[in-house]
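Here's a quick briefing to read alongside the picture. Have the sequence handy and follow along.

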Amino acid sequence: MSENKPESGPTVNPRVTWEGCSVLLDINDGDRLVFARLSAGSTLKIGNKTFSLQPLIGCPFGSLFQVESGKEKPYLSRFIPPTEENNVQDEGGCQLQEESRDNRAIIDNNQAQSLTGDDIDAMRREGATGNEIVEALIANSATFDKKTQFSQEKYRLKKQKKYAPRVLLRRPFSRSICEAYFKKYPARIGFLRVDALSLLLSMANVTANSDVLVLDMVGGLVTGAVAERLGGTGSVCNTYLGGTPYPMEIIRMFNFNNEICKRVLRCSVNDLCAVQNETSEQVSQHEDVCTMESQSDEKISLSVSTEEVHLSSKNGVSDLVPENELSTTGKTCKTPKAGEKAPKEAIQSWKENGFSSLIIAAPEQDAWSLVKDLLPLLTYSAPFAIYHQYLQPLATCMNNLQLEKMAIGLQLSEPWLREYQVLPSRTHPCMQMSGSGGYILSGTRAYSNTSQS
Amino acid sequence: MKAVKECENSVLQNRFGVFKNSDWIGKPFGSIIFSNRGGFLYLLASTPELWTLVLSHRTQILYIADISFLIMYLEVVPGCLVLEFGTGSGSLTTLFASAVVPTGYVYTFDFHEQRPASAREDFERIGISTLVTMGVRDIQGEGFPDQFSGLADYVFLDLPQPWLAIPSG
């Protein structure tokens, strides 16, 4: 993939980090994933040491950082891997030859390594780099030469991960955010795997200039992914049953600019279904009170989640209120807030034209009762997609939709994803695989004379 | 499912009967239409996903499951410049175009002489020709076009031997 130069100005796809942006830190090639917000004071803990994230500000996404021993304490420095293509090819050549070594003589009694923990600490204090420590460990290992080629590589990698950990600066995008949450806190996103999320977006035909109705009970992940695809056009209506909006804290990870945030609106199902204007006014007054409460609830849920995702407490509090920070580069870093209450004009326009598609991601709810209320809000021939963690509720829903003739082209799908390790002579599926990423019911709304528009 | 261009006087015939196009005009999308024999069909608005299911196959195409995964993994959003090598029947091209609209663009290439012409007709028919440029080029033999050097956001290769094209990228 050809990566291009960083784009300047507030563009849709900034490639360089800035102060106050959210990033996803990938430690040791996927072993650990941490969400962080970059600022002068933010830190990251690896092992038992804490590192400042200051060096990461202003670097392009995709940069690799390695732990280096500094004069006072270790820090993260940008690491550019040397072109190793020649080495890899030589190794490939070696592997084609017969591998005569095996592990019959290797006894795992913890005595192969002659360097002690104290020796390593002494080396660190003298300023040895991580790689030097790894080389020293290899030199002092009695069994290293007896290992096979593959085994030696694995050993080296294992030591490097411990003594010279690497951090990859990843851009938070719907894919990386979904993968990270699926790995760490799958329950929060209703066990929605990334391929299920992508299928959900495609089945519902989410493109620019569409008005998408979303019932999102997975922390805002689906709303964020839809907003990303819309790219500042159209609108996303995040709807909710009852009076309290569902939490949407994941949206803050996406680094949306103002334009996109403006398009993410919230409205309760009652408001959308209310026919008379007077009723809707009364409801919206009631809504204002609820929104105030829900915002404070949101703050509480935000601060809980930010603690759990390794943000330092200073940033956790400051994030909740959008503020104008003047950083040294002179850019104002205001965190725009998505999820404003939908204005009357928007609700009116949605009622007249109907939404262009519907996405429901509500793992705890019954799909049919939700679809019954929400499907009539769509325009005719609008696609919809419903995600659920389990099959049965969707099967019931599908049956009911067919009986009521509310939709056609109904399809119940289960996406399947298997990850492979790709190395010469060692390409095989990974040892652990996700068993279930949920199910998706998709279809198109049909027109019927008896349905209320 | 079939993609039909509606004309006042034409007629659709299949094993369920005869359907007159003039009956359809003015009806909302999603309506059910009956034939002279009591068979029925539904009129659906076209979407890129439905197009994938009805387009004429000149080559094996990609279907929605893989395409949705690709678009997610490539992180394609409105405003991106996408290069696609190996247009085939244009199934993926259509989805790329719908992902980058309104400010992005898709350049797609195929080394076959006749397929680009059919592809261009299809793009014209479904209305994405303002977002897509179709060219003829043998990527494996000639490498990537220089005019895009440093500009593309994403490059997608669907070729028999993609490793031959990689060095020039």
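What follows is a short tour of some annotated residues in chain B, plus a word on confidence. Keep in mind that this is a predicted model.

**What the record says**
- The unreviewed UniProt entry puts a "binding site" feature at Ser89(B), Gly90(B), Ser91(B), Leu92(B), Asp110(B), Asp138(B) and Asp158(B).

**Ser91(B)**
- You'll find Ser91(B) in helix α3 of chain B, which covers residues 91–100.
- Is Ser91(B) buried or exposed? Ser91(B) counts as buried because its relative accessibility is 3%, and the cut-off for buried is under 20%.
- Skip the neighbours within four places in sequence, and Ser91(B) is in contact with Thr52(B), Leu55(B), Ile61(B), Leu62(B) and Ile67(B).

**Leu92(B)**
- Leu92(B) sits in helix α3 of chain B too.
- Leu92(B) has a relative accessible area of 3%, so it's buried.
- Not counting residues up to four places away in sequence, Leu92(B) touches Leu62(B), Ile67(B), Leu70(B), Glu84(B) and Phe156(B).

**How confident is the predictor?**
- Chain B has an average pLDDT of 85, and 99% of its residues score at least 70.
- Within chain B, confidence is highest in helix α2 (residues 64–74), with a mean of 91, and lowest in helix α5 (residues 139–142), with a mean of 79.
- For the complex, the predictor gives an ipTM of 0.88 and a pTM of 0.81.

How values were computed:
Residues are numbered from 1 along each chain as its sequence is written. Chains are lettered from A and ligands numbered from 1 in the order in which they are written. This is a predicted model: local features need pLDDT of at least 70, side-chain atom pairs count only at pLDDT 80 or more; totals for chains, interfaces and linings use all residues. Side-chain values use heavy atoms; hydrogens and water are left out. UniProt positions are given in the numbering used here, feature names are shortened, and annotations may be inferred rather than shown by experiment. Helices (H or I, at least four residues) and strands (E, at least two) are DSSP runs, numbered from the N terminus. Buried means under 20% relative accessible area, exposed over 50%, partly exposed in between (1.4 Å probe, protein chains only). Contact means heavy atoms within 4.5 Å. pLDDT is the predictor's confidence in each residue, from 0 to 100.
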